[in-house]
Amino acid sequence: MSVALDLPALSPEEAVHSARLGERLREEIERAGGWLGFARYMQLALYEPGLGYYSAGARKFGAAGDFVTAPEVAPVFSRCLAVQCAEVLENLGGGDLLELGAGSGVMAAALLGELERRSALPRRYLILDVSADLRQRQQETLAATVPHLLGRVEWLDRLPDGLEGLVVANEVLDAQPVERFVWRNGVVNALGVAWTGGTPAWSEAPAPARLAEAVRRLERETGATWPDGYTSEINLDLADWLAAVAGALARGVMLLVDYGLPRREYYAPERSDGTLLCHFRHRFHDDPFARPGLQDITAWVDFTAVAEAAQAAGLDLAGYSTQAHFLIGNRLGEFVANVADLDVVERVNLSRQAMLLTLPGEMGERFKAIALARGYDAPLRGFAVRDLRHTL
Ligand SMILES: C[S@@+](CC[C@H](N)C(=O)[O-])C[C@H]1O[C@@H](n2cnc3c(N)ncnc32)[C@H](O)[C@@H]1O
């Protein structure tokens with residue numbers, strides 16, 4: 001196994017778990033004739049029932065886990081998001097809120113709490129997560145923090161029909177499987193996975209037609225001249241996923257927050273090794289084959305692709321901005337200024353959260369918010385400070 005970094009040691013149970021997933025991967029690679037597309041590898045490594053990173057017992061979120069997300073480290077993020085949700089629910093005259101990929105449930109708890117304070121609770125708070133393992137954790141978080149609101153929360157096994165209200169998802173797109181490609185002087189190769197020396201390893205092969213066509217389209221559309229060996233990622237299933245979610249939304253707004261870029265920047269020639277990143281106990285590295293099942297694997301989001309897929313699915317592109325501007329538009333300044341009831345430690349903590357969420361070198365610019373709407377024309381306050389739709 002080519003562990004590029006000096007990663008923390010595994011417990012015996014973790015080593016057994018990872019070896020079991022390794023065995024499952026080996027079988028799958030063999031069944032596929034010795035070569036597996038990277039998206040299939042990522043699907044198995046993250047979501048294989050009982051074995052994948054999100055589908056088994058790893059702690060994942062928070063200080064004792066592998067990575068932190070905005071709602072985990074900065075509750076004020078969810079309070080600001082609640083301001084945007086309250087505005088939409090008010091304009092719609094009420095509705096449901098569907099959260100996709102709710103992780104540990106902290107954002108659901110904080111959103112519900114703030115919406116209650118604003119007398120803007122959704123009729124139902126629906127949660128759909130591909131990981132069945134996380135459902136129990138979400139239930140525990142909500143029972144511990146907003147027990148009196150549990151009656152409004154429903155866990156779904158599939159997308160609902162005819163939703164009127166909101167769909168929200170934080171860091172869900174970056175956790176979806178991507179294909180990895182390499183550009184060889186105009187020829188598109190796929191970086192897939194073979195079983196080599198007892199572990200999964202990169203293996204370059206001619207790209208399957210669907211991937212090759214998609215990559216050539218990217219090259220044409222960005223007008224980029226990629227150097228030989230240029231490597232990057234593409235989520236070939238994004239449009240289908242978005243069409244499915246859009247199909248569930250009869251009227252209202254979908255808000256997605258994630259790290260990513262407009263297509264031209266994402267696929268700029270100088271970003272020549274893509275955006276694939278792995279997280280293991282707060283170490284970042286680029287080896288997706290180290291510790292399969294025990295580490296997160298992510299890739300940045302092409303927000304132009306999100307906008308195009310949404311429009312193809314009949315949604316309007318209602319807003320796109322940096323996370324910093326989205327939060328500022330949703331009263332971040334007021335939350336930070338309104339500290340009369342807080343002690344010194346809480347005040348310091350709150351300003352630390354605000355800096356983390358908004359500074360360009362932290363999460364402020366890497367993360368973006370995008371709003372996609374159906375039958376909803378009112379302006380969205382989160383995009384009033386700075387609207388970057390023209391960059392997509
Ligand atoms: C990086 S975590 C983010 C969790 C949480 N939203 C947060 O911000 O802390 C990604 C989450 O998305 C879920 N997920 C991934 N793909 C999904 C999909 N297609 N539909 C619903 N949930 C998904 C994962 O199981 C996991 O809970």
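1. The radius of gyration is taken over C-alpha atoms, and the globule rule is 2.2 Å times the number of residues to the power 0.38. For the 392 residues here, that rule puts a compact globule near 21 Å, and the protein agrees because its own value is 21 Å. Along the principal axes, its C-alpha atoms fill a box of roughly 60 × 50 × 40 Å.

2. This is a predicted model, in which local features need pLDDT of at least 70 and side-chain atom pairs count only at pLDDT 80 or more, while totals for chains, interfaces and linings use all residues. Residues are numbered from 1 along each chain as its sequence is written, and side-chain values use heavy atoms, with hydrogens and water left out.

3. Around the ligand stand 19 residues (a heavy atom within 4 Å), and the closest are Tyr-47, Thr-69, Gly-101, Asp-129 and Asn-170.

4. Among the polar contacts (pairs of N or O atoms within 3.5 Å), the side chain of Thr-69 places an N or O atom 2.6 Å from a ligand oxygen. A ligand nitrogen lies 2.7 Å from a backbone N or O atom of Asn-170, and a ligand nitrogen is 3.2 Å from a side-chain N or O atom of Trp-241. The protein buries 95% of the 590 Å² that the ligand exposes when taken alone (Shrake-Rupley method, 1.4 Å probe).

Key:
Polar contact = N/O pair within 3.5 Å; in protein donor to acceptor, adjacent residues only side chain to side chain.
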